[in-house]
Amino acid sequence: KNEYFDSYLLSESSLFVYKHKVLLKTCGTTTLLGCVPPLVAYTKKFDLKFEWIGYTRKNLSFPQYQVYPHQNFNQEVNYLKDTCNFDGEAYILGPLSGDHWFIYVWDDCDRPMADSQDRTLNVMMYDLDDEATQIFWKKQGPRSTRLSISQLWELLPGAKTHDYLFDPCGYSLNGLLFDAYVTIHVTPENSFSYASFETNVRTESYVTLVRSVIAFFKPKRFSMTFFVDEGALLAKTHIPTDLV
């Protein structure tokens with residue numbers, strides 16, 4: 001933790017708790033939306049008010065393994081509307097025949113949108129380079145593995161980090177840099193290797209950061225999302241589209 005927020009590693013998930021917001025990023029078959037009803041109960045207990053709820057994800061690589069309420073996007077939307085009583089709006093970005101992104105937003109915020117400068121960069125990488133994934137296996141020995149993974153921390157200069165190397169493989173890391181977080185999750189198995197990098201750090205340009213992440217993991221393909229509030233756009237935040 002630091003003076004701005006608390007950070008938790010939860011297996012293949014990360015949780016960040018600020019004074020005014022909670023962010024939860026999960027992987028695999030975690031039933032993420034199950035946390036919403038308890039959060040609603042806590043807000044009522046402490047006389048707090050929900051301003052905004054956002055749920056986003058990419059189309060699933062293995063949808064057949066998901067359980068309720070994550071078996072499809074319609075089910076997720078209905079769960080948020082019917083079970084959680086958040087009557088928001090659902091969107092799909094990108095081609096249905098290829099990689100696409102699902103978004104559900106419920107907004108009851110009465111503050112001007114220009115007041116918020118939040119931004120979130122998410123890079124999802126697939127079919128990682130074999131050499132890059134070797135360091136996320138314990139078979140080469142705990143000490144040599146930790147020394148190799150320390151190369152990854154160079155992507156987070158100045159950040160306070162905590163991480164976990166799973167047995168026999170897999171890796172999760174959270175980094176805290178003032179009021180910004182960085183989270184990395186790696187699944188190194190060759191047949192379905194995957195890594196994700198997400199941060200809300202504020203910088204004028206994200207191009208160098210994205211290029212460094214891609215250069216480290218060397219994926220054969222990747223998807224990237226970048227969400228920015230109106231205040232961040234007014235601050236002339238550079239959208240990382242010129243990566244080639």
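Leu10 counts as partly exposed because its relative accessibility is 38%, where partly exposed covers the range between buried, under 20% relative accessible area, and exposed, over 50% (1.4 Å probe, protein chains only). This residue belongs to strand 1, residues 5-10, and strands (E, at least two residues) and helices (H or I, at least four) are DSSP runs numbered from the N terminus. Together with Tyr8 and Leu24, Leu10 makes a nonpolar surface patch of about 240 Å². Such patches are made of residues with over 30% relative accessible area and no salt bridge, with like charges joined within 9 Å and nonpolar side chains (Val, Leu, Ile, Met, Phe, Trp, Tyr) within 5 Å; a salt bridge is a side-chain nitrogen of Lys or Arg within 4 Å of a carboxyl oxygen of Asp or Glu. The areas come from the Shrake-Rupley method with a 1.4 Å probe, and for residues only the protein chains shown count as cover.

The model is predicted, so local features need pLDDT of at least 70 and side-chain atom pairs count only at pLDDT 80 or more, while totals for chains, interfaces and linings use all residues. Residues are numbered from 1 along each chain as its sequence is written, and side-chain values use heavy atoms, with hydrogens and water left out.

In soluble globular proteins, nonpolar side chains tend to be buried together. A nonpolar core is a set of buried Ala, Val, Leu, Ile, Met, Phe, Trp, Tyr and Cys residues joined through side-chain atoms within 4.5 Å, and the largest one here has 26 residues, with Met125, Phe136, Leu152, Tyr171, Val186, Phe197 and Phe217 having the most contacts inside it. Two or more residues of this core come from each of strand 7 (119-126), strand 9 (171-177), strand 10 (180-187), strand 11 (194-199) and helix 5 (207-217), and helix 5 gives the most, with six residues. Another core of 15 residues lies apart from it, including Ile53, Tyr79, Leu80 and Trp106. Contact means heavy atoms within 4.5 Å, and the contacts of Met125, leaving aside neighbours within four places in sequence, include Phe197, Val213, Ile214 and Phe217.

Rings of Phe, Tyr and Trp (its six-membered ring) pair if their centres lie within 6.5 Å, with planes under 30 degrees apart counted as stacked, over 60 as edge-to-face and the rest as tilted. By this rule there are 15 aromatic pairs, among them the stacked pair of Phe136 and Phe217, at 6.2 Å centre to centre and 15° between the planes. This pair links distant parts of the chain, 81 residues apart, with Phe136 in the loop between helix 3 (130-134) and helix 4 (142-149) and Phe217 in helix 5. Phe136 counts as buried at 0% relative accessibility, and Phe217 is buried with a relative accessible area of 0%. The pair of Tyr164 and Phe166 is edge-to-face because the planes stand at 70°, with the centres 4.9 Å apart. Phe5, Phe16, Tyr18 and Tyr181 form one aromatic cluster.

| Peptide bond | Omega |
|---|---|
| Tyr68 to Pro69, cis | near 5° |
| Asp167 to Pro168, cis | near 10° |

Pro69 is in the loop between strand 4 (52-58) and helix 2 (73-83), whereas Pro168 is in the loop between strand 8 (160-165) and strand 9. Asp47, although not a glycine, has a positive phi of about 60°, and this residue counts as exposed at 72% relative accessibility.
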